[in-house]
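Subject: Structure handover, salt bridges

Hello,

The structure we spoke about is below. My notes on its charged side-chain pairs follow it.

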Amino acid sequence: MNKETLYKFFEGNASFEEEVAVKQWMEESTENRQSFLKERKLFDAMLLLGNEKVIKAGKKRYSINLSSLRTELIKIAAVIAITLGGSYLYHQYSFEKELMATNTISVPAGQRINMTLTDGTNVWLNARTSLTYPVKFSKKNRQVILDGEAYFEVAKDKTKPFIVQTNKYNVEVLGTKFDVNAYSETGEFETTLMSGSVRVASTSDPAQNLTLKPNNKVYLQDGQLHVSVVDDFNPYRWKEGLICFKNESFTSIMKDFEKYYGLTIQVRNKEVLKYVYTGKFRQTDGIDYALRVLQKDIKFSYQRDDENQIIYIE
């Protein structure tokens, strides 16, 4: 399998025929699957370091072997380490300010990244998400800035709370598992707790704060926080590469497809907007497979404009 097709597949830009070819190639042998996983890990590493030149080189099938690629990644990491010295963010802790070097990871549409912070906290970043975090946490707390959706498994440290800062609310924990959905472009905010305990507090109104219990979620509605019980955790399996819906509107599903597949969907057939759907897809199955499954229950057709990355629902 050529690198150009694989990289298009990883980016979510492969055509339906290319997606089928990649999946068939993977299933042909254990060696093919191992090669696929190795290329995926290298792609994620390059994506994490933000080296577009190396990614494009892979897409154009430049002759970069594993050894030279690792050397290139080391060079990139060294450059990032040097340039970080010029990027600073001031955080206020009580009555003093501490100067911190920070790093920002941005995940494009159609991708997701798993990373481990310096304190041992494991983080999954969803598509169109950015996370800003200090190169070294302070002695008082562990604070990160999130725009988008992330799943955290926070390393326990009773002396240093872990704080997720979003544009409207802060989520503070000591050690727990939880999901935060806070895309600034939509203005929505939601935190779902799987285990442990979290405290959610408004960045502008100190009176708006609460402590969340496991299997509950807090969400923003009409400017106020509301709490509800979570009986289905499938929607939070996005970190496993699964796209899950339960009684979701067609509009909501299309917006998620835009995020997960990195394209634009224009709905011309207004009849489909009255439908809701419950189902589950693997992200690697591709947008064509997902739409064809929906067509079994919802009557519509669609056209792809691959050049402009647009899908029209007719």
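A salt bridge here is a side-chain nitrogen of Lys or Arg within 4 Å of a carboxyl oxygen of Asp or Glu. The model is predicted, and a search of the whole structure finds nine such salt bridges. Three of them are described below.

E149 and K259

These two side chains form a salt bridge with an N to O distance of 3.6 Å. E149 sits in strand β6 (residues 142-153) and K259 in helix α6 (residues 250-261), so the pair links distant parts of the chain, 110 residues apart. Both E149 and K259 are buried.

K217 and E190

Here the salt bridge has an N to O distance of 3.8 Å. It links strand β13 (residues 216-221), which holds K217, to strand β10 (residues 190-195), which holds E190; the two residues are 27 apart. Buried means under 20% relative accessible area, so K217, at 21%, counts as partly exposed. E190 is likewise partly exposed, with a relative accessibility of 22%.

D288 and R304

The closest N and O atoms of this salt bridge are 2.2 Å apart. Because D288 lies in helix α7 (residues 287-295) and R304 in strand β18 (residues 302-305), the pair ties together parts that are 16 residues apart in sequence. D288 is buried, at 3% relative accessibility, whereas R304 is partly exposed at 25%. Salt bridges with shared partners join D288, R304 and D306 into one network.

Regards

Notes. Residues numbered from 1 in each chain as written. Predicted model: local features only at pLDDT ≥ 70, side-chain atom pairs only at ≥ 80, totals over all residues. Heavy atoms only, no water. Helix = DSSP H or I, 4+ residues; strand = E, 2+ residues; numbered from the N terminus. Buried < 20%, exposed > 50% of the residue type's maximum accessible area, 1.4 Å probe, protein only.
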